[in-house]
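This report treats one chain contact, the fold of one chain, and the confidence assigned to another. The sequence and structure come first.

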Amino acid sequence: MEHTFIEILRRALDEELARDASVHLLGEDVAAGGAFGVTRGLAQKHGDKRVRNTPISEAAITGLATGAALCGLRPVLEIMFIDFATLSMDCLVNQSAKYRYMSGGQLAVPLVVRTQAGAAGGAAAQHSQSLEAWFIHVPGLVVVAPSSPAEAYGLLKSAIRLGDPVLFIEHKRLYTMKEALVEDAALPPIGKARVARAGADVSLIAYSAMVRTALEAAERLARAGVSVEVIDLRTLLPLDMQTIAASVRRTHRAVIAHEAVLNGGVGAEIAARIGDELFDELDAPVRRIGCPFAPIPFAPELELALLPGVEAIERAVHELLGAAAQPRE
Amino acid sequence: MARVALEIPKIGLVMDAVRVTRWLKGVGDLLKAGEPLLEVETEKSLVEIDAAVAGRLAEILVGADQEARVGDPVAWVDVADAPDAQPPAPAPPLQRAAAPELPARPPAARAPGRVRSSPVARRLATEHGLDLRGIDGSGPRGRVQLADVKRAIDGAATAAPPAAAAPPALAPMRRALARAMSLSNATVPQFTVERAVDWTVVETLRTQFAATLAPESPRLSINDFLLQAVARALDEHPAMNATFTGDVNGPDARVVPASGAHIGFVIAVANGLLVPVLHHVERFGLAELARLRRECVERGLQGRLRREELEGATFSISNLGARGPDRFAAMINPPESAILAVGRQRDGVVARDGGVHVRRLSDLTLTVDHRVVDGRLASDFLARLVEILESRDWHLG
Amino acid sequence: MYHALWRIRLFEEQVQRLAGAGQIPGFPHLSTGQEAVAVGVCAHLRREDALFTSHRGHGHVLAKGSGLEQTLAEILGRDSGLCHGRGGSMHLVDAANGVLGATGVVGGNLALAAGAAWAAQAQATGSISVVFFGDGATGAGAFHETLNLASLWRLPLLLVCENNGVAEFTSREEHSTVKHVSSFAAPYAIPTQTIDGNDLPAVHAAARDAIEGVRRGAGPYLLECMTYRMAGHYVGDAQQYRSKEELAAIREKCPIERLKKRLAAQGVAAAELDAIADRARQEVEQAVARARAALRPDPASVLADVYRSPALHGIRG
């Protein structure tokens with residue numbers, strides 16, 4: 001039976017709350033169900049001490065969650081939009097990420113910060129960003145970006161059980177996606193990518209909502225005779241270069257696709273590593289697909305014009321495989 | 001002013017005809033003695049021929065792509081009068097060359113000099129001994145891509161000749177190979193002995209040694225270990241390290257010992273095979289062997305090996321690599337006395353100490369000249385060789 | 001407690017000396033003159049109570065119970081330091097003694113302290129959380145957010161503000177229209193007091209009452225201690241922003257001097273007081289000698305402990 005992303009996340013949180021008394025949920029409107037309804041019913045079921053509402057104080061509640069994590073709780077903090085993570089940054093970057101290291105290993109921060117990113121029709125510039133690239137730059141953090149309900153279920157549980165500070169980035173457009181859970185499936189480990197679709201001609205590396213887009217593009221390209229291997233990164237920090245390398249050694253071509261701005265995005269780090277470690281495997285330059293360098297606009301046709309979609313991926317793959325007739329310059 | 005003929009000198013030990021590939025000077029150019037004048041293709045490599053005298057190039061007699069034999073005049077040079085200047089000879093019966101021209105340019109899409117190619121295409125071409133300059137690139141701006149190299153490899157096997165044209169004359173290298181192998185078959189009595197070798201220790205050491213090498217050193221390959229092992233085994237079995245000369249029925253028949261371990265290794269090049277020779281392998285450590293071997297391979301692929309680098313071996317190694325057969329018997333390359341054929345590395349099951357193990361193995365096949373080596377010697381040598389290859393005792397250098 | 005004051009004073013003197021001689025990496029901040037606040041408050045704390053402090057936290061850490069040698073070794077960046085040389089003066093952590101951390105970001109750990117308080121509440125441990133901060137931190141948004149949250153959730157959190165009238169290099173008047181930090185408490189319904197932070201008995205008494213209420217579950221308490229920073233903002237600070245008269249007046253308010261006079265008036269012999277001071281001096285000197293002889297950290301260990309999870313050890317990113 002299929003459930004939505006939101007329902008499946010709720011189930012994961014419910015089960016973790018039941019399993020481990022140190023797990024606590026907190027965030028703005030979390031007890032009331034959360035802005036997207038993920039936590040609905042959990043306060044009633046587990047009590048208002050385990051699932052708590054907070055005021056609109058991102059800085060303080062991130063600090064609160066971090067301090068509690070130092071002292072034996074496993075907080076799961078919800079930051080409503082990743083765009084507001086900017087207000088959490090001092091704590092996340094200067095405290096949560098560094099506590100273990102600065103204390104010489106005396107303390108640890110078993111904290112999960114759940115947030116969501118991405119554009120979804122009219123949320124505009126301050127509610128539509130994909131900011132994961134900022135966080136992969138911070139030693140001490142873990143960054144996870146699930147691509148589907150079933151993936152989110154397992155990855156959220158793995159994140160809660162990990163014992164290090166995890167930024168768990170959901171995607172608005174995936175919230176209504178439906179999928180059936182495989183009962184008792186093994187939890188996907190943090191830091192391991194998966195091959196979502198096997199292929200031979202090009203490695204298409206994506207994460208979060210872009211995996212769905214990538215799979216669609218792969219399907220269309222297959223009808224044109226191109227065999228695309230789609231890799232779902234799942235974790236952005238740490239990056240699973242082993243899976244990427246195994247794929248590129250087979251296909252000799254790599255394309256990285258994400259919704260985030262291209263410049264300085266996660267794709268840039270992956271492309272640099274591929275160029276460094278897999279140079280002799282490459283039959284073509286490494287291409288990246290991402291959002292052009294502008295904030296997300298409000299009007300639907302403008303937003304659509306900006307966001308990278310199936311066509312952009314198809315075009316890039318065709319160019320990579322195409323003959324000399326199509327030089328990029 | 002006297003007119004002097006410039007002739008093709010004798011270049012290799014066994015040399016018949018050469019093909020002129022290109023002239024480096026044009027009619028009317030001033031020449032200095034010793035200056036490179038033209039380039040010819042011998043059986044084994046490209047060779048530059050220097051101007052024997054100084055003067056002005058007056059006439060070219062053999063043009064590009066035409067054959068000439070040793071001693072044939074290929075050009076007239078006007079020199080300043082010298083006491084023993086020859087009077088101009090009558091026009092030779094060779095056809096007059098067309099105006100000297102440079103060889104045909106590569107396809108226009110490619111700028112002269114650097115060939116654009118993708119890294120993996122380069123790697124595959126090197127592995128197969130293919131020259132990128134000879135492959136058309138289908139990528140952007142004429143870039144040679146993996147598919148192009150693969151096509152070239154397949155195409156070499158299945159190229160269909162044009163319907164009406166006759167097959168071209170034999171290229172010098174192909175002719176030289178054919179002659180050497182025919183000679184081998186006809187005059188050298190050969191037999192083979194075989195053994196399997198377990199590569200486990202070598203592979204472990206290869207990784208370990210890699211960590212100790214300087215970053216710019218080439219990586220060690222199995223072939224470097226093979227070279228050193230053969231050199232040591234030859235040292236312990238000097239009777240293997242010799243060549244048969246003379247007529248087997250005549251008084252001049254001799255088995256001539258070599259002065260050191262001079263070992264050839266077979267490489268595939270565009271038109272066939274080359275066997276560059278490393279002299280005195282016993283003097284070098286593995287790291288140095290890797291370097292020397294790589295240099296030889298590079299120059300071999302470019303046709304720039306010198307004559308002495310292609311001669312003097314008593315023993316050759318033929319390793320057909322990962323795509324090679326499980327085992328094969330190579331033919332002796334005259335005047336050598338032995339050749340070691342290395343089958344491909346693969347996982348095999350070994351029964352040892354009452355247990356079953358999976359190890360990385362190859363089959364080694366040693367072909368020997370029965371006029372020099374008999375069964376006992378061949379067996380001892382091969383057994384010792386395998387012993388060395390399975391030991392930890394190497395000179396890294 | 002007289003001993004405790006001297007212990008901190010002499011420690012900071014040594015830190016100042018070592019820093020002046022170029023022995024200390026970075027720039028340590030001294031709490032000279034503010035010892036009474038640390039000693040008076042920590043006298044009522046249990047080992048499992050959580051303590052958070054600022055970049056000027058050596059005194060609080062020592063008063064909570066951390067060893068002289070290990071603390072100094074950390075400030076010197078040695079492997080035997082509290083944090084194996086990873087944290088330094090501004091990031092002292094001694095988890096075994098409940099010192100959960102100093103921070104170099106002004107106001108950066110006020111909310112963390114609230115979090116520790118929340119954990120104590122959620123786990124019903126009966127312990128409390130204390131955070132020391134300077135008056136400059138009241139300019140940070142996090143200060144106000146934390147007061148609000150702590151009050152809302154009735155967290156067992158004691159906030160101790162050492163108001164030394166100066167934030168970095170500027171005086172309080174230039175920082176805020178609000179003269180006393182305790183004024184911020186009322187809007188958040190938090191009990192508060194402003195006391196003379198250099199009067200150890202006064203600090204001790206006020207802290208006792210405050211902590212008793214916090215531990216009872218009455219919610220957070222904001223204790224403002226007026227004090228003076230006798231040394232500069234950091235070692236090397238020439239204090240040109242203070243007049244000579246100002247500096248002389250400050251020395252008169254020294255908490256050690258005042259306690260000494262008080263104890264003498266109560267009949268304690270001068271010799272005994274001197275003996276206590278000498279004992280503290282010896283302890284500090286021994287600790288300094290051992291800390292200075294301690295091994296430096298091994299560079300090969302630089303990638304250890306970025307994460308707790310073994311699977312994440314040494315990742316490149």
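How many residues does the contact take from chain C and from chain A?

## Contact between chains C and A

In this predicted model, 42 residues of chain C and 40 residues of chain A make up the contact. On the side of chain C that touches chain A, the elements giving two or more residues are strand S2 (99–102), helix H5 (110–122) and helix H6 (141–152) of chain C. The greatest contribution to that side is from H5(C), with 11 residues.

By residue class, the side of chain C that touches chain A consists of 24 nonpolar, 14 polar and 4 charged residues.

## Fold of chain C

Chain C contains 11 helices and 8 strands. It has 317 residues, of which 52% count as buried. Among contacts in chain C with a separation of 6 or more, 74% join residues 24 or more positions apart.

## Confidence in chain B

The mean pLDDT of chain B is 84, and 87% of its residues score at least 70. Among the elements of chain B, the highest mean pLDDT, 97, belongs to strand S17 (residues 338–342) of chain B, whereas the lowest, 80, belongs to strand S5 (residues 46–50) of chain B.

Residues 82–111 of chain B have a pLDDT below 50. Beyond near neighbours in sequence, this stretch of chain B has 32 contacts in the model.

Key:
Residues are numbered from 1 along each chain as its sequence is written. Chains are lettered from A and ligands numbered from 1 in the order in which they are written. This is a predicted model: local features need pLDDT of at least 70, side-chain atom pairs count only at pLDDT 80 or more; totals for chains, interfaces and linings use all residues. Helices (H or I, at least four residues) and strands (E, at least two) are DSSP runs, numbered from the N terminus. A residue is buried if 20 or more other C-beta atoms lie within 10 Å of its own, exposed if 12 or fewer, and partly exposed in between; C-beta atoms are placed from the backbone. Two residues are in contact if their C-beta atoms, placed from the backbone, lie within 7 Å. pLDDT is the predictor's confidence in each residue, from 0 to 100. Ala, Val, Leu, Ile, Met, Phe, Trp, Tyr, Cys and Pro count as nonpolar, Asp, Glu, Lys and Arg as charged, and the others, Gly among them, as polar.
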